[in-house]
Amino acid sequence: MILFLLRRLGVMLLTALCLSLIVFALTNLPANLEKIAKFEGNARMSDAQVESWLEKNGYAQPMLVRYGEWLGAWPGWTRTDETGEYGRCVPVGGTIADSPARCGILQGEWGESRVFREDVGPFIATRLALTGKMMFWVMVLMVPMALVIGVLAGMREGSKLDRGLSTLSILTTATPEYVSGVILIAVFASSAFGLKWFKGTATSAMENATFENFFLPVLTIALFGMGYIARMTRASMAEVMTSQYIRTARLKGLPFREIVLKHALRNALIAPFTVIMLQFPWLLNGVVIVETLFNYKGLGWALVQAAGNNDVDLLLGISLVSVVVVLLTQLISDIGYVYLNPRIRIA
Amino acid sequence: MEPLSWGAIAARILLQFLPVWIALAATFGLSWVYRSKLGLYGKLFDNRIGLIGLFLTLFWVYTALAAGLFDWIATHDPLTAVSGMKNKVPGTPLRGAEDGDYPYYLLGGDGLARDVFSRMVAGSWIVVQIAPLATLFAFMAGITLGLPAGYFGGRLDSVLTFAANLILAFPVILLFYLLVTPEIVESGLPAYLSAGLFLLPLVFLGLLINARARTNPRRRWMLLAVVLLPLGWAYLSLISAEGSALDLLPATLDLFDVPGGILVVFVSVIFVNAPTVFRLTRGLTLDLKTRDYVAAAQTRGEGPWYIMLWEILPNARGPLIVDFCLRIGYTTILLGTLGFFGLGLPPDSPDWGTTINAGRKLLSIFPHPAIAPAVALLSLVLGLNLLADGLREESLKD
C-alpha cells in the first residue's frame, strides 16, 4: 500500500510538473512576452525598446531557465546598474545581498497578478475558498439526490419508476450548465415569467450566501453532475439486486424494504463513490461556466480573467491548483475504492 | 398587422419544418418496413427510448441539411438585422416587410434585431458539420493509439497512458483558452497539432488495408494507392493554408481551405476527446486480447496489426458505437462551451453557444433570444443520449 501510494504520488508530481511546463511554455511565447512588455512599459514601444525591456527584466533568458526561476529551483535573475540593483527576488529599492537567491513556487512565492495587481498566492487562496464554499453546497445537494434517484431506479429494474427516473437522469446529463443556467434564470429570476423567486446573480453570495442568491448556481452545477452519478448508482444497484445473496434474502422472506436498505445498499454504493470523486474535474469545468454566468468571483471566474488577459503568473497558479485538485481526487478515489472493496488488494 | 398568438406561432413553426417532417416520415417508414434486415439499427424500433432519441437526432440532422444545403426552413437571413426588431417578442410582425419577405419574426428578435428562429436553424448546420466529423477523427486517433497500447502493453502503454492522463487532468476550458488565443495560433501550434491529429486517420486506414491484403502484394499496393493517394491529397490541402505555419501545397493544388478559426475549434475538440476514446479502446483491448480467437490468430501466424484491427476491433464495436453517440453529444456541448466563452468562432456566428452567450446579457428582461438555442442544444444532446441508451440496451440483448 505504501509503495503504491509513493508511486502514485511520484506520477502525480511528474504530471503537475509536465502540465505547468506546458502552460508556462504556451503563455511565454515571444508574442506574449511582447504584449507583457508593452503592457508594463509603454504601449508604443518600438521593437528595439521591447527587446531591451525584456532583456532588463529577465525575460530574455532561455525558457527552461525562466521555468526554473518560476518553480524556485533556479536562482532568480539579478542586474546591477547605476540606478540600483534589480532582480526577480529583489524588492524595489532593495539590494541583491539582502534578498533570497531563489523565489518561486517552492519558496511560496507565486508571483504577482498583472491584472489584479495582487500577490497570486493570497488571491488564489480567497478564490479557492469561495469556490470551495460553492462546491460544498453542490455536493450537499447533488450526492444525496443522485444516490436516492439511482437507488430508487435500480431497485426494481424495468419498472415504471425506473423508466421515469432514468429518463430524468439522462435529461440532466444532456443539459450543460450554460443551458440549464440560462433556463433556470429565465424561469425563476426574470421578469418575463414573473416568478422572481431567486436572484440571477450570485455576486452578493460571496460575502453573504443566502438561499435566494446561492441556490440557482448551486443547482445548475448539481443538476449536470447528478445524472451521471445517478446512472452509475442505478447500474450498480441493478447488478446487486440480481445477485445470489439478495435472492437468498428474498427466499428467506425478508421484507423488500429491509433487503434494499440493509443488504443491497452497502454493496451498491461502492461504484458511485469512485464516480463521485472522479466527477471533480467535470465539476471544476462547470464551476468556470457557472461562475461566469452568475458573476460569482471564484476560481473559475479568475481562470477566465487570467486566460483572457494573458495574466501569466495567475494563470500558472490556477492551473497548478486545479491540476493538483484533480490528481488528489483521483488518488483519494483509488484509495477509497480499495478500502470499500475488500476483494481488491494492491501489493 | 397583429402579433401572432402562441398557437399561431407553434403552427407556423411546425409548417416551416415541413421538409423535415417529410424526410423523417420517409426514413421511419422505410426503416420500419425493412427493420428485420437492418441489424442493430432495425432493433431500435422495438425500443421506445432509442426511437425517441433517433427521432430527435434525425430531426436536427435533417433540419441542418435542409437549412445548410437548400436554404429551406429559415425564414430570414441569420446575420441580417432589421431595424425596429430589436428584442421583439416572439410572433412580432416584420416591420416594413416587402413582398417575398416572411412577414413575422416567429421567435422574436435578438439584441441585434436578427431573427432568433433563423439563427437557431442556421446554428444546427454548424453543429452538424463539426460535431460528428470531429468525433470521428477523435475516434480514429484514439483507436489508432489505444489498440497498440492495450495489445503490446509495456513501455509504449505507460507513455501513452501518461500522455492521455496529462491531457485529461487539464481543465478543458484552460486548454481551449490556451489553444485558441491569437498569439498561439500565430505560433503555429494548432496547425502542427492538426497536422499530427489528421495524419492518424490516414495511418489507421493504411494499417487496416495493409494488414488485410499483406499476403497479396498486387492487391495490397493497388488498394493502398486507391485509398491513400486521394486521402493524402485531401490531407495536404486540409492542413496547408496560405499564410499559416504550414504552407506545403502550391495554391493551384490546394483543393479547399478551411477557415482558420474553424480548424482551431476542430483541433481543440479532437484533442480533448481523443484521450477518453484512447482509454476506452485500451481497456477493451486489454480485455479482448485474452480471448481464444486472438490466440488462434496468433497461432496462425497473423501479424499484430491484423489481430488488432481485424480480430479485436470488430469485437469491440458495441461499446465503441454507444460511446460514439454519447461523444457526439458531448462534442456538441463542448462546441457550445467554446461559443459561450467566445472562443474560436466569429462573434456573429449563429452557432448555439455564441447565441446563448449573446442572449444572456439581457436574460432577465428578454429571455427568448437565449432560450431558443438553449432548448435546441438540449434537445439534440438529449436525443443523442437517448439513442446511445437505446443502442446499449438492444446490443446487450443478444
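## Contacts and basis of the model

Of the contacts in chain A (heavy atoms within 4.5 Å) between residues at least 6 apart in sequence, 66% join residues at least 24 apart.

The structure is a predicted model, in which local features need pLDDT of at least 70 and side-chain atom pairs count only at pLDDT 80 or more, while totals for chains, interfaces and linings use all residues. Residues are numbered from 1 along each chain as its sequence is written, chains are lettered from A and ligands numbered from 1 in the order in which they are written, and side-chain values use heavy atoms, with hydrogens and water left out.

## Overall form of chain A

Chain A contains 14 helices and two strands; these are DSSP runs numbered from the N terminus, with helices (H or I) of at least four residues and strands (E) of at least two. Chain A is more spread out than a compact globule, because its radius of gyration is 26 Å, well over the 20 Å that the globule rule gives for 347 residues. This radius is taken over C-alpha atoms, and the rule is 2.2 Å times the number of residues to the power 0.38. Along the principal axes, the C-alpha atoms of chain A fill a box of roughly 95 × 60 × 30 Å.

Buried residues account for 48% of the 347 residues in chain A. Here buried means under 20% relative accessible area, exposed over 50%, and partly exposed in between (1.4 Å probe, protein chains only).

## Salt bridges within helices

A salt bridge is a side-chain nitrogen of Lys or Arg within 4 Å of a carboxyl oxygen of Asp or Glu. By this rule there are 14 salt bridges over all chains.

In chain A, one of them joins the side chains of Glu258(A) and Lys262(A), at 4.0 Å from N to O. Because these two residues are four apart in helix α10 (residues 256–268), about one helical turn separates Glu258(A) from Lys262(A). Glu258(A) is partly exposed at 30% relative accessibility, and Lys262(A) is exposed at 57%.

In chain B, Asp323(B) and Arg327(B) form a salt bridge with their closest N and O atoms 3.1 Å apart. Both Asp323(B) and Arg327(B) are buried. They are four residues apart in helix α14 (residues 317–340) of chain B, and therefore about one helical turn apart.
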